[in-house]
Amino acid sequence: MDDNIFEKLKILSDAAKYDVSCVSSGVDRKNNTVGSIGNAAACGICHTWSADGRCISLLKILLTNDCIYDCKYCMNRVTNPTNRATFTPEEVAELTIQFYRRNYIEGLFLSSAVEKSPDYTMENLYRVLYLLRYKYNFWGYVHVKGIPGASNDLIQKTGMLADRMSVNIELPTRESLSLLAPQKKVENLLKPMALINHEISRTIDDKKHFSNTPRFVPGGQSTQMIIGATPDNDKTILNLSQNLYDRFNMKRVFFSAYIPVISAPNLPAISTMPPMLREHRLYQADWLMRFYYFKSEELFTETEPNLDLEFDPKMMFALRNMDKFPIEINKASYEELLRIPGLGVTSAQRIIRERKNAELSYDSLRKMRTVLKRAKYFITVKGKYYGNINFDPDRIKDEVRQQEIQKQISIFDLV
Ligand code: SF4
């Protein structure tokens, strides 16, 4: 590889590591065209380029880090004296194919700073996809960023060639955005999301009538939000996520714990640790909203607008709503079963299925391999409570804490 390209690759792959929205799940598209290369498989792709280990499957790069904007939290902002580099679309396409042929990667995650203008940047992103698809006949997975402020036409034609698109919402509120990313407007961020959502639905509908209609971003759209750079609480963050899921059919909302790499008056001090546990709790809550029928407002109270860092969100929901528990295993609906701490989708489905044959006992739950370590404090089986302690939130918290200590001790024993 020529030194110049290698140098650009070093700069632009490093600059891309702060973007976390690069999972390749959600697309299972076989390539049936003779003479073309690459499949987009729903299973994980097993190679990695990123140095921080966050993305394990795709060549993850920026087209350029030469940005005209000045987002305070970003290394690539115009006022930050950092090394700049810009790939040409031809270079990115060529690099992707070379890496693909050497089996380093199976797809591409392509983002970009805003160079010259949103349209100029989006046009170059489009050009990369066009070259990959039509010059190199590469039909592997490609996730591309939509640049806010770019024309509908450019977003539209890029989406026809991409597997997934994402437009970053960046920060949880309008106020935070105007404080830290004053050149970005909420409307400009939401407009391409609405367009992408519209095009996805349109092509799905068309496909019902004309089976050879090409799909627009078949892997759906996602977005990313930085957390911990502003004082916004978790309730605000999850309310916004819920809105994004409801309004734009987001496949995923990703949370990125802010890593303080820049000293600025409105940002956490450089010495502040990135809020990784908070990020983890937000993902747990997000999971509850997507698969367990929870609404974001159920996870908070008036006085507690942040997720608890000691106990997971489902556990906290149960402890705050003891009047809804214990739940009788033999009578509960599927949705109610999913609210029991420690009980997952598989166990809930198994319970529903098995109790059609006979009333379940505590033993039969065990035999079905239902994990009852936490669930036992929140259920009755044939009317009997098996928690062995008073049905009291503080007592349950103590017991769960003890379980955690035991777990840690046994890990040390193993070592
Ligand atoms: S537009 Fe993107 S790359 Fe440019 S400064 Fe803002 S966050 Fe960074």
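**Figure 1. The loop that holds Pro-326 in the predicted model.** Pro-326 is placed in the loop that runs between helix H9 (313-320) and strand E7 (327-328). The model shown here and in the other views is predicted. The peptide bond between Phe-325 and Pro-326 is cis, with omega at about -5°. Phe-325 is also one of the residues that Ile-340 touches, and Ile-340 is shown in the next view.

**Figure 2. Ile-340 and Phe-378 in the largest nonpolar core.** The largest nonpolar core has 114 residues. Ile-340 and Phe-378 are the residues with the most contacts inside this core. Domain 1 (3-299) and domain 2 (313-414) each supply at least three residues to this core. Leaving out residues up to four places away in sequence, Ile-340 touches Lys-314, Phe-325, Ile-327, Ile-329, Ala-375, Phe-378 and Ile-379. Ile-340 and Phe-378 therefore touch each other, because contact means heavy atoms within 4.5 Å and Phe-378 is on the list for Ile-340.

**Figure 3. Helix H6 against helix H7.** Helix H6 (residues 186-209) and helix H7 (residues 234-248) have axes that come within 10 Å and cross at roughly 40°. H6 is therefore oblique to H7. From H6, the contact takes in Leu-190, Met-193, Ala-194 and Asn-197; from H7, it takes in Leu-244, Arg-247 and Phe-248. Five of the residues in the contact of H6 with H7 are nonpolar, one is polar and one is charged.

**Figure 4. Helix H1 against helix H2.** The axes of helix H1 (residues 3-15) and helix H2 (residues 89-101) are 12 Å apart, and the two helices pack at an angle of about 90°. H1 is therefore roughly perpendicular to H2. Ile-5, Lys-8 and Leu-9 of H1 meet Glu-91, Leu-95 and Phe-99 of H2. The residues of this contact of H1 with H2 comprise four nonpolar, no polar and two charged.

Figure 5. Lys-184 sits in the loop between helix H5 (174-180) and H6. Its relative accessibility is 17%, so Lys-184 counts as buried, the cut-off being under 20%. Apart from residues up to four places away in sequence, Lys-184 touches Tyr-69, Cys-71, Tyr-73, Glu-170 and Leu-177.

Thr-213 is in the loop between H6 and strand E5 (221-227). With a relative accessible area of 14%, Thr-213 is buried. Its contacts, leaving aside neighbours within four places in sequence, are Thr-203, Asp-206 and Lys-207. Thr-203 is 10 residues from Thr-213 in sequence, and the C-alpha atoms of the two are 6.9 Å apart.

Figure 6. Lys-116 lies in the loop between strand E2 (107-111) and helix H3 (118-135). Phi of Lys-116 is near 65°, a positive value, and the residue is not a glycine. Lys-116 has 57% relative accessibility, so it counts as exposed.

Asn-137 is in the loop between H3 and strand E3 (141-145). Asn-137 has a positive phi of about 55° and is likewise not a glycine. The relative accessible area of Asn-137 is 27%, so this residue is partly exposed.

Figure 7. Thr-272 is found in the loop that lies between strand E6 (252-257) and helix H8 (276-291). A relative accessible area of 35% makes Thr-272 partly exposed. Ile-259 is 13 residues away from Thr-272 along the chain, and their C-alpha atoms are separated by 8.2 Å.

**Figure 8. The whole chain, for orientation.** The secondary structure comes to 13 helices and nine strands. Of the 415 residues in the chain, 49% count as buried. Among contacts between residues at least 6 apart in sequence, 67% join residues at least 24 apart.

Notes
Residues are numbered from 1 along each chain as its sequence is written. This is a predicted model: local features need pLDDT of at least 70, side-chain atom pairs count only at pLDDT 80 or more; totals for chains, interfaces and linings use all residues. Side-chain values use heavy atoms; hydrogens and water are left out. Helices (H or I, at least four residues) and strands (E, at least two) are DSSP runs, numbered from the N terminus. Buried means under 20% relative accessible area, exposed over 50%, partly exposed in between (1.4 Å probe, protein chains only). A nonpolar core is a set of buried Ala, Val, Leu, Ile, Met, Phe, Trp, Tyr and Cys residues joined through side-chain atoms within 4.5 Å. Domain bounds come from an automatic or database domain assignment. Axes are lines fitted to C-alpha atoms, for helices over the stretch in contact, and angles run from 0 to 180 degrees between N-to-C directions. Angles under 35 degrees count as roughly parallel, over 145 as roughly antiparallel, 65 to 115 as roughly perpendicular and the rest as oblique. Ala, Val, Leu, Ile, Met, Phe, Trp, Tyr, Cys and Pro count as nonpolar, Asp, Glu, Lys and Arg as charged, and the others, Gly among them, as polar.
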